[in-house]
Amino acid sequence: MAKLVDAHGLGPCDFGLGGSNPLRGTNLLHFSMLFLLLFFLFTPKLIQAINTDQVLNDHLYQRALYTKKLTEYQQKLQIDQQFSSVSTQEDLIKITQEILALRALTLKTYLSYLKDSLSSHQDINLQATFDLQTKLSDWENYLTDQISKISNTTSLKDFKNLSLDFNTQYPQIQQTIYLSLIQFQLNLQSKTYQLLTQTKNDIQQNNPSLNPLWTDKINQDLASFVSQNQLLLDSIQKSQNLSRLSRSYPSLQKQLDDNKQILSQIYLELLKIKPKKP
Amino acid sequence: MKKFLKDPRIIILFVLALIIILLLIASLFTKKPSTPSQKIIIPSPTLPASLKPTPSTSSPQMEELKNLFEEKNPIDPPQIDNKIAL
């Protein structure tokens, strides 16, 4: 009986050649393990990117539908005001139901998109970001409830009551929206600031003969950002306390843009002095 | 083929793949924000201990900075008509 080691067909067996090739299964196993490793490394980021795009596309779709339906609603409202017949009234009830549901859905998808956007740099200001995401979720639930009530309503009087309820809540939703838009930029700028500081220190460490004037300039700019950022945080707090964030948003956005400009200047300064390559 | 399927490493591999697929499916259905584990950090002029400079890492940092500057803000909120049905 031939022993297994004597058998041909397992790879090189002539004189001077090495042992048998590894089994096809072993190669497959190594490839699979490599694939799994890559999968573990890159999948979470990929999922987040796909998810953000989907949430945004969903919102943009609902937004387009809402804009289109709003024009239709205004036309039907005008026709009903002109003729005031049973059929125009029926048409108006139908379109009012549709437009109210679409309005709530458009806003809901926007809140969902904002919540998702905030996740991208949440590690910087974790507590503040988490609080905002919770608020956004609460408003999403409120709007889901509104949509369900709208679909069960069939009279213009009840639609009016639902719309009045929405109008009492909307300023607070707006407040959360603007706060989220600001928080996103604060997180992004905080992250940029930290990375700029780290990069400056690295360059300093790798280049001991660096001109101290350059270091002073960068330090001054970094300190300037911190003081401007503190002023901005104070302004946000003041606007938030007065519940008028939506009105003061343009001026706050301008402050945010100015702060970004400071960070951008520091970045350009860092680009001018590239560290010596070893 | 039977031997290949009986290999304990293959079994471990299949179990791992199954766990990953289940985790993926679970992650697609849960969109809740993660729980906080630390307080708000406002940028300060002092460098945190975790950001101690490491030598020769400037290039990837510059690349990351470039990406941060290129990142766009979320789109503006939709125009909401608050006169509907009133």
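What is the mean pLDDT of chain A, and what share of its residues reach 70 or more? I looked this up before anything else. The mean is 85, and 83% of the residues of chain A reach 70 or more; pLDDT is the predictor's confidence in each residue, from 0 to 100.

**Entry 1: ground rules.** I note that this is a predicted model, in which local features need pLDDT of at least 70 and side-chain atom pairs count only at pLDDT 80 or more, while totals for chains, interfaces and linings use all residues. Residues are numbered from 1 along each chain as its sequence is written, and chains are lettered from A and ligands numbered from 1 in the order in which they are written.

**Entry 2: confidence by element.** I compared the elements of chain A. Two residues are in contact if their C-beta atoms, placed from the backbone, lie within 7 Å.

**Entry 3: chain A overall.** I counted elements next. Chain A has six helices and zero strands, with helices (H or I, at least four residues) and strands (E, at least two) taken as DSSP runs, numbered from the N terminus. I find that 28% of the 278 residues of chain A count as buried. A residue is buried if 20 or more other C-beta atoms lie within 10 Å of its own, exposed if 12 or fewer, and partly exposed in between, with C-beta atoms placed from the backbone. Of the contacts in chain A between residues at least 6 apart in sequence, 78% join residues at least 24 apart.

**Entry 4: domains.** I looked up the domain assignment of chain A, which gives domain 1 (46-153 + 164-173) and domain 2 (213-278). The bounds come from an automatic or database domain assignment. Taken over C-alpha atoms, the centres of domain 1 and domain 2 of chain A are 34 Å apart.

**Entry 5: cores.** I searched for nonpolar cores, each a set of buried Ala, Val, Leu, Ile, Met, Phe, Trp, Tyr and Cys residues joined through C-beta atoms within 7 Å. The largest nonpolar core has 36 residues, and A:L100, A:L114 and A:I182 have the most contacts inside it. Helix 1, helix 2, helix 3, helix 4 (156-206) and helix 6 (245-272) of chain A each supply at least two residues of this core. Its largest share, 13 residues, comes from helix 2 of chain A. Domain 1 and domain 2 of chain A both give residues to this core, so the core lies between them. Another core, of nine residues, lies apart from it and includes A:L196, A:I218, A:F225 and A:L270.

I then listed the contacts of A:L114. Leaving aside neighbours within four places in sequence, A:L114 is in contact with A:L136, A:I177, A:S180 and B:P74.

**Entry 6: helix 3 of chain A.** I checked the length of this helix. Its 26 residues reach 37 Å from first C-alpha to last, close to the 38 Å expected at 1.5 Å a residue; the expected span is 1.5 Å times one less than the number of residues. Its buried residues include A:L132, A:L136, A:W139 and A:L143. The buried residues of helix 3 pack against helix 2 and helix 4 of chain A.

A:Y142 and A:F166 are 24 residues apart in sequence and 9.5 Å apart in space, C-alpha to C-alpha.

**Entry 7: a positive phi.** I looked at A:S84, which is found in the loop between helix 1 and helix 2 (86-118) of chain A. Its phi is near 50°, a positive value in a residue other than glycine. Most residues other than glycine have a negative phi. A:S84 is exposed, with 10 other C-beta atoms within 10 Å.

**Entry 8: chain B.** I turned to chain B, which has three helices and zero strands. Of its 86 residues, 7% count as buried. Helix 2 (residues 8-29) of chain B has 22 residues that should span 32 Å at 1.5 Å a residue, and its end C-alpha atoms are 32 Å apart, which agrees. The number of buried residues in helix 2 of chain B is zero, so this helix lies largely in the open.

B:S59 lies in helix 3 (residues 58-70) of chain B. B:S59 counts as exposed, with 12 C-beta neighbours inside 10 Å. I also took the C-alpha separation of B:S59 and B:P78, which are 19 residues apart along the chain: 40 Å.
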